[in-house]
Amino acid sequence: MRSVQEEEVVHRPSRHLSEHLLFPAIVCLVLTVGSVGVWTASAVQEDRARIVRLYARSFEEALTAERLVAASERAARFMRSNLLSPDSSRLEELTLARKEFDTHFQKLGERHGGPDQEPLLARVAALRDQTRRIGDALLAERRAGTEVRLLEERFAGELVPTHEELDRAVAALEQATSARLARDIEHAERLFSRTLQRFLLSLSLGLGALVVLAALLVRTLRERRRRHEEAALSETKLSGIISIAADAIIVLDAGQRISIFNRGAEAIFGYRAEEALGQPLSLLLPERFRAPHEAQVWGFSQGPDVARHMGERRAVFGRRKDGEEFPAEAAISRLEVQGHALMTVVLRDVSERERRQREQRFLSQASATLAESLDSRVTTERLVRLCVPEFADGCALYLVQEGHARLVALSDVDPARREALLAAAERSPVPLDSPSGIAHVIRSGQPELLEAVSEERVRALSQADSSYAMLSQVGCCSALAVPLRARGRSIGALAMMVRSSHRVYGPSELALAEELARRSALAIDNARLYAEAQQATRTRDEVLGVVAHDLRNPLNTVVLTARLLQRQLGRAQAGSDTLRGVEAVLDSARRMDRLIQDLLDVVRMEAGTLGVSTSPCSAARLVQDAADAVRALAGDARLRLDIRMEGEPGLVRADPDRMLQVFGNLVGNAIKFTPAGGGITLGVAPREEVVLFWVEDTGPGIPEEQLPRLFERYWQARPEERRGAGLGLSIVKRLVEAHGGRIWARSTPGRGSTFCFTLPRVGGAAAAHQTPGITA
């Protein structure tokens, strides 16, 4: 509908002409036709501007969607980095990546229209929130100290599928947007065609009214010029967006020749725009991909799709001006403008991203490999083999030993060269006081990077420091060395080198080597500490065995002498202080003999020689014999000793002597901690596959937090009282388990304690794990 001003412009000339012409009706008809022509021309120009705006909007939304995908990928990468190595800086990067994702998602949501986009927008938002909930939960567990390997399965099973679903939802949103824009543009083109036909028809009918319509034509020309300026401004904005984009934006004509080549493309491919314009797209592709890629682009130009990602079936690679190939991500779209097909390729260089992903995979594999063994030699050998040939042609590991930096592990792509280098390093270890080289790296704790190593430089370095002499033997082109530090001190250094001039170490490789060295130092130091602990344990057990064995002889002499004195004094000096002293000596000797027996049992347990000789035994008889053996001790402590039998317990497979030792330890503990006047109960009851035994007392009980540690060696609930060596319950546990049973304790403070254990019944399976509670 035309505005009021347009109506005034049209009708003012109409009234003027009607006063001077005889046929006003014809003039009105001519003016109407002319007005239709002017309106049609205006509509043509408006449709053309609309197509340009839609084209700009298509590019802008495509770029927003691509940035949305990139922000999602960065968030996923920073999430994995925080899981591997929690760091406040990486957490800040994760937060920024999430904010960038929200910004682009909000822009995309504001520009989308129509009900077909609303479900996709809602799904993307839901998947984004779900991904963040899962990721935040994993980060919280990682910060709480959970190891990475324990989170890997949840990461791969929960976070990765959700993130992939998010990427697919974003891609679907982008495709739906492109389809809608294509429909709008197609509709605008049809409208443009019909309007143009009406315009031509109106012009043919209004040729006679050119003079009358001069004023209207002038106005139309002015309006056209204004709209042309608007279209030119829109095109300028679009050109500016395309020009400054960081990604490569390349527009192809129907012959697949480059018609637009932005600054991002110049930076990625190395060609200037004037060098690339008019050239075929194959200029930017490796030769082996040119023919199939040309066929794919041609098939896309003839197909129904208006946009899709490239590389869905195989990886996409680009080729720079210097011949270097690089991995890329690309999307292609098609736009019909006035019968001409324009194809736009948006390409991103992902070589840096893939390098970081490769480094993360390498570090994850390194962590898993270093955690597989606590053997120092195995750990060092696996470490150097892991680096070759993934990141080095040769890798050497030095450790500080006896004032020198000794080569302890070496890997090389050439096995013959490896043997020669090992022999040379064995003959000449590096002194730690050397002013440079490996010794300097170890001593200073600072890494050293030699990005380019020429023969002249190698000779100069070798003359200054003998530790560089190895570089001349391996033909090194680039090298680095990083210190191994553990618990605040340098324990060695890791050195890597490459022989090809196409591979040069830089800051990123140095950072990777430092992270690898940090993890390796911890693993190597842990292996060393483990070996020292094992040696200390063996030495302790050997000393315990020798001491316990050698104490038996003088102790036996003390016991025999004391018993002789006891017999001699028994009749003549009954109740005398001398006799009581002799009896005290015998009691002390018996306690010493029990301690020595416990120490010997511990040594046998560590050596794996603490055996039991089982045979069918009466469960009731075992309890009776145990009660008879300790009845006198209970009487001396003024404690009541009871036996409780439930049903017919039958026979068990047991070693009677060892069972007396088990009951003796359990009852002895009960006697120690039960006040005079209390009671101790020895019980036995049959169960399905086992026989249940228990020792119950009326003592003060055991706090709940101490129950899990009762059977630990050398542990005592009240260490300040020192009522033994803390070995009895650990020995009891090993003896019961050696019989195929299990033991546990339960207690209520103030109401006593109960120690229960099971033994397999004769003829029944050892089902020690099915032991119902006793009924006291």
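Does Thr-146 count as buried, partly exposed or exposed, and at what relative accessibility?

Thr-146 counts as partly exposed because its relative accessibility is 22%, where buried means under 20% relative accessible area, exposed over 50% and partly exposed in between, with a 1.4 Å probe and protein chains only. Thr-146 lies in the loop between helix H4 (118-143) and helix H5 (148-205), helices (H or I, at least four residues) and strands (E, at least two) being DSSP runs numbered from the N terminus. Leaving aside residues up to four places away in sequence, Thr-146 touches Glu-141 and Leu-151, a contact meaning heavy atoms within 4.5 Å. The C-alpha atoms of Thr-146 and Leu-83 are separated by 9.5 Å, although these residues are 63 residues apart along the chain.

## Basis and confidence of the model

This is a predicted model, in which local features need pLDDT of at least 70 and side-chain atom pairs count only at pLDDT 80 or more, while totals for chains, interfaces and linings use all residues. Residues are numbered from 1 along each chain as its sequence is written, and side-chain values use heavy atoms, with hydrogens and water left out.

The chain averages a pLDDT (the predictor's confidence in each residue, from 0 to 100) of 76, and 71% of the residues score at least 70. Where pLDDT is low, the predicted coordinates should not be read in detail.

## Overall composition

The chain has 20 helices and 19 strands, and buried residues make up 44% of its 776 residues. Of the contacts in the chain with a separation of 6 or more, 67% are between residues 24 or more positions apart.

Helix H9 (residues 287-302) reaches 24 Å from its first C-alpha to its last, close to the 22 Å expected at 1.5 Å a residue for its 16 residues, the expected span being 1.5 Å times one less than the number of residues. The buried residues of H9 include Phe-289, His-293 and Val-297.

Helix H11 (residues 376-387), with 12 residues, reaches 17 Å between its first and last C-alpha, close to the expected 16 Å. Among the buried residues of H11 are Thr-379, Leu-383 and Cys-387. At the start of H11, a side-chain oxygen of Asp-375 reaches to within 2.9 Å of the backbone nitrogen of Arg-377.

Technical notes. Polar contact = N/O pair within 3.5 Å; in protein donor to acceptor, adjacent residues only side chain to side chain.
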